[in-house]
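Subject: Structure handover and notes

Dear colleague,

I am passing on the structure below, and would be glad if you could read the notes that follow beside it.

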Amino acid sequence: MAPRNAIAVIGAGDASKEVCAQAHSVGFVVARRGAVLVCGGRGGVMEAAARGARSAGGHTIGILPSYDRASANPHIEFAIATGMNHARNAIVVASADAVIAMPGEAGTLSEIGLALKIGRPVVALGGWHQIDGVHHATDPETAVKLALQLAGIALPSENRDD
């Protein structure tokens with residue numbers, strides 16, 4: 001049995017309400033498209049995306065910076081406690097077939113760079129225009145669809161019956 005498709009959603013741990021609303025929508029669409037959501041497992045964009053995925057019946061994996069699995073946000077189904085702090089960013093992007101980058105700071109930038117370096121497609125939703133190799137989308141639905149297409153994943157129906 002092949003592993004399930006996975007999309008990483010990355011972005012600010014302390015994000016605005018608007019960015020969190022978009023992240024929630026991204027997570028929801030990821031789950032509706034049948035992919036697992038991978039993220040850093042903490043707050044902000046990560047929590048909003050995980051909440052969106054779980055609200056659609058999807059699965060969530062949080063790659064945590066500490067050894068404390070309890071530090072995951074409440075929407076993380078599978079918490080991976082790495083004890084690696086920022087070095088866990090490599091695990092986040094390597095665990096996914098594609099990456100959706102929301103607005104963020106240096107940690108998000110490092111994840112984008114690592115994803116590009118290891119050949120994971122990156123789709124930005126709101127920013128990151130100055131980075132060569134990053135694809136851009138204007139809404140959550142388009143971002144997820146493009147990420148799946150760039151990863152070579154066939155697009156299932158949006159309306160799953162499960």
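In these notes, buried means under 20% relative accessible area, exposed means over 50%, and partly exposed lies in between, with a 1.4 Å probe and protein chains only. This is a predicted model, in which local features need pLDDT of at least 70 and side-chain atom pairs count only at pLDDT 80 or more, while totals for chains, interfaces and linings use all residues. Residues are numbered from 1 along each chain as its sequence is written, and side-chain values use heavy atoms, with hydrogens and water left out.

I begin with the cores, where a nonpolar core is a set of buried Ala, Val, Leu, Ile, Met, Phe, Trp, Tyr and Cys residues joined through side-chain atoms within 4.5 Å. The largest nonpolar core has 34 residues, of which Ile 7, Val 26, Leu 37 and Met 102 touch the most other members. Among the elements that give two or more residues to this core are strand 1 (6-10), helix 1 (17-32), strand 2 (36-39) and helix 5 (140-150); helices (H or I, at least four residues) and strands (E, at least two) are DSSP runs, numbered from the N terminus. Helix 1 gives the most to this core, with 7 residues. If residues up to four places away in sequence are not counted, Val 26 touches Val 9, Ile 100, Met 102, Leu 125, Pro 140 and Val 144, contact meaning heavy atoms within 4.5 Å. A second, separate core of 18 residues includes Val 36, Val 38, Ile 63 and Trp 128.

Next comes the helix pair. Helix 1 and helix 5 pack at about 45°, with their axes 8 Å apart, where axes are lines fitted to C-alpha atoms, for helices over the stretch in contact, and angles run from 0 to 180 degrees between N-to-C directions. The two helices, helix 1 and helix 5, are therefore oblique to each other, since angles under 35 degrees count as roughly parallel, over 145 as roughly antiparallel, 65 to 115 as roughly perpendicular and the rest as oblique. In this pairing, Gln 22, Ser 25, Val 26, Val 29 and Val 30 of helix 1 meet Pro 140, Glu 141 and Val 144 of helix 5.

Asn 85, in the loop between strand 4 (78-81) and helix 3 (88-94), has a positive phi of about 50° although it is not a glycine, and at 44% relative accessibility Asn 85 counts as partly exposed. Trp 128, in the loop between strand 6 and strand 7 (135-137), has a positive phi near 65°, again in a residue other than glycine, but Trp 128 is buried, with a relative accessible area of 11%.

With kind regards
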